[in-house]
Structures are given as structure tokens and as C-alpha cells.
Amino acid sequence: MKKIIFGIAFIIFFSFLIVSAINMRQFGEPIFSEMDDYFIENAQSETGANNVVTSIVFDYRGFDTLGEATVLFAAAVGIIALFRRVTK
Amino acid sequence: MIGNFPYIAAIIFIGLGIYTLMFKKNLIKIAIGVVLIQNGVNLFLITLGYIKGAVAPIYTYAPSGQIMVLPTPQALTLTSIVIGIATTALILSIAMMIYKHYGTLDTDQVRRLRG
Amino acid sequence: MNLSNHIPILIIAIPLLAAFLVPLIGRINKKATGILTTLALSVSLILTIILAVKILTVGPQVYVFGAQSPALTLPSGLKFPIRIMFQIDAMGIFMGLITAVVSFSGAVYSLTFMEQHSGLDKYYSLLLLLTVGMFSMEFTGDIFNFFVFLEVASIAAVALISFRGVDLGEPAEAGFKYMVVSSISALMVLFAVGIFYGQYDLLNFAAIASVVKYSQLDKIALGLLVPVLAMKAGAVPMHMWTPDAYSEAPAPISMILVAASQASLYALFRVTFSLYNITLNTLAVGWIIIIFGLLSMFIGVTMAIIQKDIKRLMAYHAISQTGYMFLGVGVGLAVLANPVALSQYGITAMEGGIFHIMNHAMYKGLLFLTAGALFFRTGTKDLNKMGGLAHSMKYTTIFFIIGAAAIAGLPPFNGFASKLLIYESVYRFNPLLSIIAMVVSILTLASFVKVFHSAFLGPKLPQFREVKEVPKSMVWAMAILSCIIIFFGLFPDLIVKNLVHPAVMALIEQFKYTGTVLGGI
Amino acid sequence: MLGLLETGSGFWSAIIWVIVVLIIGGIVYYIRNKGEESYKKNTEQDKPFISGNPELSKEGSHISANHIYWGFTEALKDYYTPLVKTHTGNINDYSSWIIVITVIILIMVGVNG
Amino acid sequence: MKQMSRIVRTVTNLIYGFIIIFGFYVILHGHLTPGGGFQGGAIVASAFALLLISYGALNTEKLLKKDLLSILESGGLTMFIGTAFLGLGITFFYNFLANSGSWFGDAAVIGINPGNMNTGGVIPLMNIAVGLEVLSALGVIVLVMASGAEFTKKKENS
């Protein structure tokens with residue numbers, strides 16, 4: 001009984017996601033791209049890096065990168081704490 | 001419609017992951033489901049950045065006179081991939097701990113906390 | 001360089017730097033880690049208070065990372081921001097104050113509570129990371145950055161919940177469950193980010209809010225964001241992870257997890273009020289949130305009455321108190337499109353809900369700390385095994401009475417003030433809701449009478465002969481929260497007028513939120 | 001006045017409440033003092049009168065948490081039994097409930113949103 | 001886990017140094033070519049994983065010290081956030097070295113160019129810091145999980 005309800009819910013959820021994929025703009029033809037055009041034009045002159053992706057990762061969105069490094073650090077610390085030797 | 005097939009492929013990844021989370025009874029399989037959802041969402045993000053016939057947004061020895069794909073989704077996907085690695089590692093090690101203490105990975109037995 | 005412009009980032013960066021340094025220092029001296037943690041959190045608490053004064057007097061603050069100047073949101077000739085920015089208005093700093101106070105007292109409490117555990121440097125590092133994640137979730141103005149720090153908070157919280165998983169099974173199980181549900185929520189948030197990016201090529205809350213059209217895709221994004229954020233806040237029927245996580249975590253972490261779930265609640269309000277304001281069908285979404293509130297209140301409290309584990313009982317009460325916030329703010333959202341009703345009772349209801357967030361963080365934190373004190377001395381969380389502890393733990397008893405009276409809404413404590421605001425305003429929206437809320441409050445009192453009787457009253461049991469009062473730092477941590485509770489209870493008007501009302505206005509007036517970034521006010 | 005909270009349709013002031021409680025407490029204390037004078041401590045006047053039965057030991061008289069509100073839970077049994085059964089600590093159910101609620105909200109928002 | 005056959009170990013001895021060198025190349029050229037701190041760090045960590053599966057956890061722990069790796073991890077992150085702090089004269093994460101003429105301060109040739117190592121401002125520094133952090137974090141994760149597996153197995157046998 002419960003399984004049937006969950007199955008129906010899953011199917012409806014999946015169809016909603018498919019609807020979102022169909023309503024999304026055409027693949028490969030972005031409508032708005034001001035932000036990315038700005039990056040592609042000015043990244044070299046502002047940050048001096050040839051690799052636009054790296055200049056976004058470390059300069060324009062540097063705080064995200066800090067958070068991402070923090071996530072990795074948190075996971076490593078958590079795993080070390082999880083497998084620590086217990087010395088009461 | 002058919003032009004949006006890449007999005008639908010990403011959505012199918014997400015759906016498979018959700019199905020695994022809902023109906024699979026093994027903790028390792030549940031971790032695999034989480035990874036599937038992550039890959040689907042990353043695929044969705046990276047697909048949003050593509051432009052037909054464009055090259056990678058890197059100026060070093062780039063082919064001249066070509067437009068470049070949108071760089072932001074690549075940065076976002078890089079971030080979320082690393083986050084996914086961290087999440088997966090933590091889930092798997094906690095599953096190892098559960099196996100050490102419970103001696104099983106079946107979700108029907110790993111439910112001492114209920115009620 | 002003028003540091004006063006950099007306060008918003010210093011609040012985040014100082015605990016973050018301390019979190020990176022704590023494992024190094026732990027190799028030299030174990031004791032120093034706790035001291036360093038407390039120091040860093042006290043610094044960020046002071047900076048948060050300074051920033052709060054600045055925001056409530058001057059206005060919303062913006063901090064752009066890596067720009068020419070901290071307030072330069074729009075580079076030359078652009079109509080939208082391109083860099084990550086912190087955008088802190090009255091609502092954000094309201095949540096920031098809660099986070100700062102709760103995490104500081106949690107660190108003080110941990111100084112002696114966690115003494116006999118191993119791996120303390122990891123514990124303090126994760127505690128700081130959890131605090132940093134909550135702060136950034138509340139301050140950020142960038143939707144992808146919100147996702148990143150949601151994950152930071154989730155992973156730190158999971159590692160802390162399963163911290164005792166080395167020698168016990170249940171903490172690992174609770175950590176696994178919390179990890180799975182929080183990954184689902186974070187990934188759904190990321191999918192919504194993808195939807196917004198694909199439509200508008202924007203990642204900034206305010207910029208999206210200025211162009212959002214409530215198309216089919218926006219509806220799907222809303223329908224993905226609301227339930228997952230409500231789930232992180234512990235709304236019934238997606239609340240099952242809450243008792244597991246809260247009851248298995250160490251007591252200070254349970255207290256901080258309450259604040260972490262409220263950060264997700266804040267994000268839910270931010271999405272509904274600031275992202276799509278009146279573009280969405282406010283009545284439908286408002287009723288969704290109200291129904292969440294009713295279910296959470298009633299099922300939470302009725303499940304709490306039959307619990308045997310003291311921390312599980314308090315966790316179910318956390319769910320039922322979250323229901324009050326959903327109710328108050330949901331009523332405000334339901335009448336958002338109707339200025340008359342909004343000015344008559346909508347704003348009051350939202351004031352009650354928002355004020356209840358802070359009250360709940362304070363007294364539920366205090367109650368979790370008292371439960372931790374009982375566990376610290378008796379070594380059990382089972383109410384059947386306790387009894388007669390009031391003879392030997394005087395301070396803890398007093399603090400527990402204060403917390404229980406506050407959560408049950410007894411005057412003159414702070415719970416009464418916010419619940420009164422909710423009752424009177426919700427009654428004018430729909431009398432039935434208000435009556436249910438009062439019944440839930442009565443049941444809350446009943447279940448805490450049960451806890452008080454079975455844990456504190458009664459004769460001094462033989463197995464607790466040598467039980468004595470908990471050490472100083474734990475008493476101090478509990479005393480801080482009790483003083484805040486009593487102050488809020490005696491002078492609720494100060495808080496409502498100076499903190500809560502600006503926060504509510506910051507939620508309602510969307511044009512100010514967007515105008516802070518895009519100009520135009 | 002300080003401590004006066006306007007609630008839209010009335011006001012609430014904890015200060016006044018505390019003052020009133022103090023006044024009433026004083027009155028109660030006064031009345032209590034006018035009570036029976038012939039009471040003496042540590043006499044049989046202290047002993048509870050349980051219809052002649054001997055007073056049972058203190059440890060035995062402690063009621064543990066299981067027995068509190070037994071009648072309440074017993075009366076609401078047909079409400080509690082399914083509710084507790086719903087709380088299976090099974091992680092599949094946790095994620096499935098999230099999906100179910102997400103679907104309901106998507107339908108509500110999509111239909112009349 | 002047990003150590004694998006002689007063939008695998010010989011091939012590992014041959015190539016894992018090259019993998020590590022390639023990882024550091026990817027880290028250092030992050031601002032010019034595809035890649036960066038995260039990718040390069042992941043490549044180096046994959047070399048550690050290769051060592052692990054071919055030699056077994058207990059032997060690998062003799063080569064790679066967990067304490068050293070975790071110190072490296074904290075150090076890399078501290079260097080990263082410190083580089084961000086140095087920009088605090090203007091704003092947090094301000095790229096104060098770009099086009100300044102000092103280290104990594106050359107202005108990049110606008111448009112398509114062969115690339116100059118000495119550009120990018122703080123980006124190369126952050127690449128190095130993040131690279132150190134990622135390689136040590138992933139290495140620690142892999143090592144600790146492997147030794148934890150040994151630990152749990154011992155638990156079952158006893």
C-alpha cells in the first residue's frame with residue numbers, strides 16, 4: 001500500500017522534472033548571456049589569467065571556492081574523527 | 001523538444017537516483033543513489049553552458065575566430081563536483097561505521113532510532 | 001585600511017581561520033583548542049552586535065567580494081552584479097545574532113562537557129565550520145553561494161552528530177540519515193539554481209527577484225525549494241530525521257542544530273518573500289506553509305508526550321515550536337497581497353513568528369543544555385531511570401524550570417510574548433488555527449510537567465547518591481541563555497520594536513531588497 | 001511605558017504582571033499567617049493520613065515516566081498506534097516522504113499557483 | 001587489503017612518480033591551461049590511491065604519513081584564506097597582484113596568446129594552496145578509509 005503511493009509520487013515527480021527539461025530554453029542557444037559575456041571579455045584584462053574558468057573560480061567567485069575547500073576540509077576532518085582511536 | 005534531449009538525459013540520471021533512494025534497501029546502494037543525483041544535477045548545469053560550435057573558454061592557443069561556451073556553469077560544476085566527492089566520502093565512511101556496529105547494511109535492520 | 005567596512009566578512013573569516021588552525025594547535029596543546037574556539041566565537045559575536053547596530057541605524061549592508069570597493073555592486077555599465085556578495089538586511093542580522101549567541105554559548109558549554117572525549121581538536125574545528133556555514137547561509141546574497149554553505153553546514157553537522165559513532169551505533173545511524181536527507185535537499189536547491197541560471201543567466205538573489213516572471217519553470221523551482229527547505233527546518237511529515245539527529249548529537253551540538261534548522265527556515269522565508277514576492281499566488285503558498293505549521297505543531301507535541309528519552313522528547317518539541325513560526329509567517333504570507341489585512345493583523349502575525357524564532361533558539365538551547373547536564377552527571381537519557389535530581393543539582397533545576405516555563409508560554413517569560421502575538425493576530429485570520437495553537441501550548445506544558453516530575457522531583461534515588469552540580473562553564477553557558485530569556489520576557493517591546501519589526505519589514509518590502517543591490521531607492 | 005507590548009488588539013506588560021503577582025502573593029501570605037496556631041513541627045501532624053494505612057517508603061513512592069499520562073495515551077490509543085507505526089526509522093521512508101510532499105506542493109503550485 | 005601481484009607493484013613504481021609530476025604541472029599551469037588546483041590535486045591523490053591498492057593499506061601508511069598530510073591540509077587552507085586576507089586593504093579576495101608588475105603581475109596579452117607563466121595575480125598562488133589542500137585532503141580520506149576498513153575487519157574476526 002505504502003509502496004504504491006510512493007511509486008505514484010515518484011512517477012509524478014519524474015514527470016515534473018521532465019516538464020522542466022522540456023520547458024527549458026533550447027539546448028546550445030542561451031537567450032541571456034550578459035554575465036558570461038562580461039567574463040569572457042574582461043577576465044583577461046582584469047585578472048590577467050588566460051583561463052577564464054580559473055579566473056571565475058578563483059577571482060569572481062572566489063568565496064565559493066573557499067566554501068568548497070572548506071567542505072572538503074570538513075569531510076576529511078569528520079572522517080578522521082569518525083575513525084579515531086578511542087582513548088577514554 | 002528533441003533539441004532538449006541532453007537535459008532529459010540529466011533528468012533521467014536524477015530520476016534513477018531518486019528511485020534508488022526510495023526503493024533500494026542497502027546503505028551502499030543509497031550512497032550510490034545520492035551520487036547518481038549529484039551527477040545528474042552536474043550534467044544539467046554543465047549542459048546549460050553549451051553553445052553550438054563553441055570552444056572552451058581558454059585563450060591559450062585557442063582556435064581563432066571562434067565563440068566560446070559560457071564559463072560560469074563550468075565553475076559551478078567544478079564546485080559541486082568537489083562537494084559531491086566530500087559528501088560521498090562521508091556517507092561511505094559512516095556506512096562503514098554502521099556496518100561495524102550493527103553487522104548489517106539492510107535499512108530494515110538499521111533502525112534502532114524510531115518512534 | 002578601514003576595518004569597519006569589512007565587518008561582514010570578518011564575522012565569517014575569523015572563525016574560519018580558527019577552524020583551519022585548530023587541528024594544528026591541537027597537536028601542540030589539547031587544552032588550547034577549546035580556548036581558541038571560544039575566543040574566535042566571542043570575537044564574531046561582538047562583531048555581529050556591532051554590525052547589527054550599524055544595520056539598524058544606517059540601513060542594509062552590502063559586501064562585494066573582490067570588487068574595487070566593498071559597496072560596489074554594479075561595475076561600470078552593468079545592470080546586474082557579477083561577483084558574489086553578502087547582502088545583510090535586518091532579517092539577516094536578526095538570524096546572525098541568534099547564530100552568534102547560540103554557538104558562543106555552545107562552545108563555552110563544550111569546554112567541560114566534552115572534556116573526557118578524544119579527538120577534541122576535530123570537534124572544535126567542526127563546531128566552528130558549522131557556525132561559519134550558518135552565518136554564510138544567513139548573510140549571502142548569491143544563490144549558488146547559499147548552496148555551497150548549506151553543504152558546509154550539513155557536512156559539519158553530520159560529522160558532529162556521528163562524533164560519538166566510534167563506540168556507539170546510534171550516532172552513526174543518525175548521522176547517515178541526516179546526511180542522506182540533507183544531500184537530497186541540497187541537490188534540489190542546486191537543481192533550482194540551474195533552472196534560474198538557465199532562464200535568466202543570473203545567480204544573485206536580488207537580480208533574479210527583479211526579473212522573475214513566475215513562468216512554468218519558476219513554479220517548478222518554487223515547488224522544489226519550498227519542501228526541501230521546510231524539511232531542513234523539520235516540518236511534519238518530513239521531520240523523522242529531527243529526533244534522531246537531535247537526540248544522538250552531543251548536547252551543545254543539539255542546541256546549535258536548532259539554530260541551523262532555523263537558518264534553513266530563514267532561507268525558506270527569503271525565497272518566498274524576497275525572491276518571488278507577490279508574483280506568486282500568495283494565498284496558495286501561504287496556506288501550504290500554514291498547513292505545515294499546523295501539522296508540525298500538533299503531531300510534534302503529541303509524539304513528544306509519549307517519549308521516554310529526554311532529548312528525543314525535546315527534539316519533538318523543537319518540531320512543534322517550529323510549527324508556530326510556520327503559522328505566524330504563513331498567515332503573513334497568505335495576506336501579503338492584501339494591504340488592509342496585512343496592516344491589520346498580517347504584520348503582527350509575522351512579528352510573532354519571527355520573534356518566536358529567537359525565543360525558540362534561546363529556550364530550546366537552554367533545555368538541551370539542561371538535558372546535557374543531566375546526561376553529564378547521571379550518564380543516562382532515559383526518563384524512567386531518573387528521579388530526585390533536584391536534591392543535588394540546584395542550578396540545573398532552576399534553569400530547567402525557566403526553560404520549561406518559557407517553552408510552555410507561561411508569563412512572564414519570552415515564550416508567552418511571541419505566542420500571544422501569534423494567537424491574537426491569527427485569531428483574526430482564522431479562529432480555528434489560533435485555538436489549535438493554544439491547545440498545543442497546553443500539551444507542551446503537560447509534557448514538560450512530566451519531564452520535571454520524573455527527572456527532578458521525587459525522593460533522592462540511591463543510584464544518584466554521589467551526583468553533584470555540573471562544573472562552572474556549563475553553568476555559565478546555561479546562565480547566559482536564562483538571562484536572555486528573562487530579559488526578553490520582561491521587555492518584549494524593546495526587542496519587537498527594534499529587532500523584529502525591521503526584520504519583518506525587510507521581508508515584506510521586496511523593492512528595498514532588490515534596490516540595495518541594483519540601485520533605484 | 002517600558003515593557004508594554006502592543007499586540008494589535010490589546011497590550012501585554014510583564015512588569016504589571018509581576019507586580020500583580022507580588023501583591024497577590026503578599027495577600028496570600030497574610031491570610032496564611034492568620035491560620036491555625038496549634039501546628040507544631042515533627043509531631044504526628046506532619047504525617048500523611050492514608051486512611052490508616054502505613055506510609056510507604058520514599059523510593060517506592062516515586063512514579064517513573066512510564067506511568068505518567070497512562071490514561072491519556074490509553075484513551076487516544078487508536079490515534080497513537082498508527083502514528084507511532086508511521087515513524088519507522090527507515091531511511092527509505094524518510095526520502096520517500098520528502099518526494100511525496102514535493103509532489104503535492106508541485107501540484108498545488110502548478111495548478112492554482 | 002592485501003598487496004597486489006609483483007607486476008602491478010612494478011608498474012606502480014614506474015608510473016606513480018610521473019602521475020604526481022603531471023598533477024603538479026596541472027596545478028601550476030592552472031591559470032593558462034585547462035585544470036587548476038582541484039584537478040591537479042585530484043590527480044596527485046589518484047597516485048596515492050594507486051599506491052594504496054597496489055601495496056595495501058598497512059605498507060602505504062609507512063610511505064605516506066597521515067599526520068604530515070593533515071598538517072599539509074591545514075597549511076594549504078591557511079595559505080588560501082591568508083591570500084584572500086591580504087586583499088583586505090581593498091576587499092576580501094581582491095586580486096591585488098594582477099597587472100601590478102610584481103610576482104605573477106604581468107598584464108596578459110589580450111586575445112589569443114601562447115600564455116605567460118608570470119600572469120594571473122593571486123590566482124597561481126591560490127591554485128598552489130588549493131592544490132596542496134585537495135591532494136592532502138583526498139589522500140587523508142583514502143588512507144583513513146582504507147585503514148578503517150582494516151580496523152573493522154579486525155573487529156569482526158576478533
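Student: Is Lys52(B) buried, partly exposed or exposed, and what is its relative accessible area?

Tutor: This is a predicted model, so every value here is computed from predicted positions. Lys52(B) has a relative accessible area of 48%, so this residue is partly exposed. The cut-off matters here, because exposed would require over 50%.

Now look at the partner. The side chain of Lys52(B) meets that of Glu29(A) in a salt bridge, 3.6 Å from N to O. This pair crosses between chains. Glu29(A) sits in the loop between α1 and α2 (34–47) of chain A. Lys52(B) sits in the loop between α2 (27–48) and α3 (72–102) of chain B. Glu29(A) is partly exposed as well, because its relative accessibility is 41%.

Over all chains, the search finds 20 salt bridges. One of the others lies in chain C, where Lys381(C) and Asp309(C) meet at 3.8 Å, N to O. Lys381(C) is in the loop between α13 (339–378) and α14 (394–407), and Asp309(C) is in the loop between α11 and α12 (310–334), so the bridge ties together parts 72 residues apart in sequence. Both Lys381(C) and Asp309(C) are buried.

Glu61(E) and Lys66(E) form a salt bridge, with their closest N and O atoms 3.4 Å apart. Glu61(E) is partly exposed, at 25% relative accessibility. Lys66(E) is partly exposed too, at 27%. Salt bridges can also link up into a network. Glu173(C), Lys177(C), Asp244(C) and Arg312(C) are joined in this way.

Go back to chains A and B. The ring centres are 5.8 Å apart and the planes stand at 55°, so the pair is tilted. Phe10(A) is buried, with a relative accessible area of 14%. Tyr19(B) is partly exposed, at 35%.

The search of the whole structure finds 48 of them over all chains. Trp241(C) and Tyr246(C) form an edge-to-face pair, 6.3 Å centre to centre, with 90° between the planes. Both of these residues are buried. Ring pairs also build a cluster that draws on chains A, C and E. Among its members are Phe58(A) and Phe63(A), Tyr63(C) and Phe65(C), and Phe80(E) and Phe85(E).

Chain B also touches chain E. Here 19 residues of chain E are in contact with 16 residues of chain B. The buried area is about 1400 Å², and carbon and sulfur atoms give 77% of it. On the side of chain E, α2 (37–55) and α5 (123–157) each give two or more residues. α5(E) gives the most, with 9 residues. By class, that side has 10 nonpolar, 7 polar and 2 charged residues.

Finish with chains C and D. Their contact takes 65 residues from chain C and 47 residues from chain D. About 4800 Å² is buried between them, and carbon and sulfur atoms give 76% of that area. The count of salt bridges between chain C and chain D is 0. Polar contacts are present, with 8 residue pairs across the interface. Several helices of chain C supply at least two residues each to the side that touches chain D, including α6 (170–200), α11 (282–305) and α16 (431–455). That side of chain C divides into 42 nonpolar, 12 polar and 11 charged residues.

So, back to the starting point. Lys52(B) is partly exposed, at 48%, and its salt bridge partner is Glu29(A).

Notes:
Residues numbered from 1 in each chain as written. Chains lettered and ligands numbered in written order. Predicted model: local features only at pLDDT ≥ 70, side-chain atom pairs only at ≥ 80, totals over all residues. Heavy atoms only, no water. Contact = heavy atoms within 4.5 Å. Buried area = accessible area lost by both parts, 1.4 Å probe. Salt bridge = Lys/Arg side-chain N within 4 Å of Asp/Glu carboxyl O. Polar contact = N/O pair within 3.5 Å; in protein donor to acceptor, adjacent residues only side chain to side chain. Helix = DSSP H or I, 4+ residues; strand = E, 2+ residues; numbered from the N terminus. Nonpolar A, V, L, I, M, F, W, Y, C, P; charged D, E, K, R; others polar. Phe/Tyr/Trp six-rings, centres within 6.5 Å; stacked < 30°, edge-to-face > 60°. Buried < 20%, exposed > 50% of the residue type's maximum accessible area, 1.4 Å probe, protein only.
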